[in-house]
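Hi,

Here is the structure I promised to pass on to you. Have a look at it first, and then read my notes on its aromatic rings below.

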Amino acid sequence: MAAPLRVGLIGAGWVTQHHLRGWAALGEAAKVVAIADPSAERAAERADAFGIPAVFTSAEAMLAAGGLDAVDIAAPRAVHAELARLAARHGLPILCQKPLAPTLPEAEQLVADIGGRVRLMVHENWRFRAYYRQAAQWLRAGRIGAVRAAHLSLVTSGTVPDAEGRLQALERQPFMRDERRMLVAEVLIHHLDTLRMLLGPLKVEAAALSRTCNAMAGEDGAVIQLSTANGAGVSIFASFAAYGVPPQQADRLTILGDAGTLRLDGSTLSLAGPHAERLDYDPDATYLGSYAATIAHFVGCLESGAAFETSPEDNLETLRLVEDCYRLSGFETANRSAA
């Protein structure tokens, strides 16, 4: 049996609990043997919970210590590029949380700088959710025929005060308060990427972004119109500031074809048409499973030499859509003028 892949995790924030469970799901194929975070307390907490033997307060110290075969970057997006460059200098394959960098130009420069020196994959786990993988299979098999239109909605009350006056989305992920690019760059980037996986290349035709919650620097509402390469219309309607709905996120997707309809309603995936079908998924297991599937893809491609599905080049295509949403909406220009 081959020795386990020795992984160093950079970051000990909220999302790393899911990364670590994903690595643990691989059993003896890979082991997280070191963790680095500026907060020694948070790093030690993760190390204790997941049996990680080595703890560092900087990525530099962790990489200098050696003994690693790959790096998983799960730090804030503002430092993704510098950490990826650091890992590349050490010649290590990299799994980097989305996005590669806060803006498209920074991400393009990072991809150019790293080139082919090391293997680099973007940790874009949304498209690895089991119901989206099944939806992709149905679409590839022609189960609804040619796609004519699609609509995706994501509506939560995450930035609406609850009974105690708390903003649930910001309680869960406090960093969102200060992100000037929030809903599209942090959340809908997942959906744009997943729609690309399902429908092929997309173009942003129009976008309107809005901010309802004054506790945030960025937007919490978005209406986006896109088109596929074949001219089918695709719309996204999203808000974190919707009264009367739960604070939890749940995707609702409808794809209309000329021979059927594909629907995702939370964790229920269904087909309507000549060959109707319905599948129900456990939402928590599907969420956690997407991390395990993403990480398994990374490890499998390292072993086989196959191309990463979420390669840097692929992620740049998603980032171009993100950039177009901000550009076409004029949201950032309006915010700067108001300030």
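**Aromatic rings**

Tyr131 is buried, with a relative accessible area of 6% (buried means under 20%, exposed over 50% and partly exposed in between, with a 1.4 Å probe and protein chains only). Before going on, please note that this is a predicted model, where local features need pLDDT of at least 70, side-chain atom pairs count only at pLDDT 80 or more, and totals for chains, interfaces and linings use all residues. Residues are numbered from 1 along each chain as its sequence is written, and side-chain values use heavy atoms, leaving out hydrogens and water.

The structure holds five aromatic pairs (rings of Phe, Tyr and Trp, the last by its six-membered ring, with centres within 6.5 Å; planes under 30 degrees apart are stacked, over 60 edge-to-face, the rest tilted). Tyr131 and Tyr281 are edge-to-face, because their ring centres are 5.7 Å apart and their planes lie at 80°. Tyr281 is buried too, at 19%.

Tyr287 and Tyr291 make another edge-to-face pair, with 5.5 Å from centre to centre and 70° between the planes. Both of these residues are buried.

Elsewhere, ring pairs join Trp23, Phe298 and Phe308 into a cluster. Over the ring of Phe308 sits the charged end of Arg119, 4.2 Å from the ring centre (this needs NZ of Lys or CZ of Arg within 6 Å of the centre and within 35 degrees of the ring normal). Arg181 likewise has its charged end over the ring of Tyr326, 4.4 Å from the centre.

Enjoy exploring!
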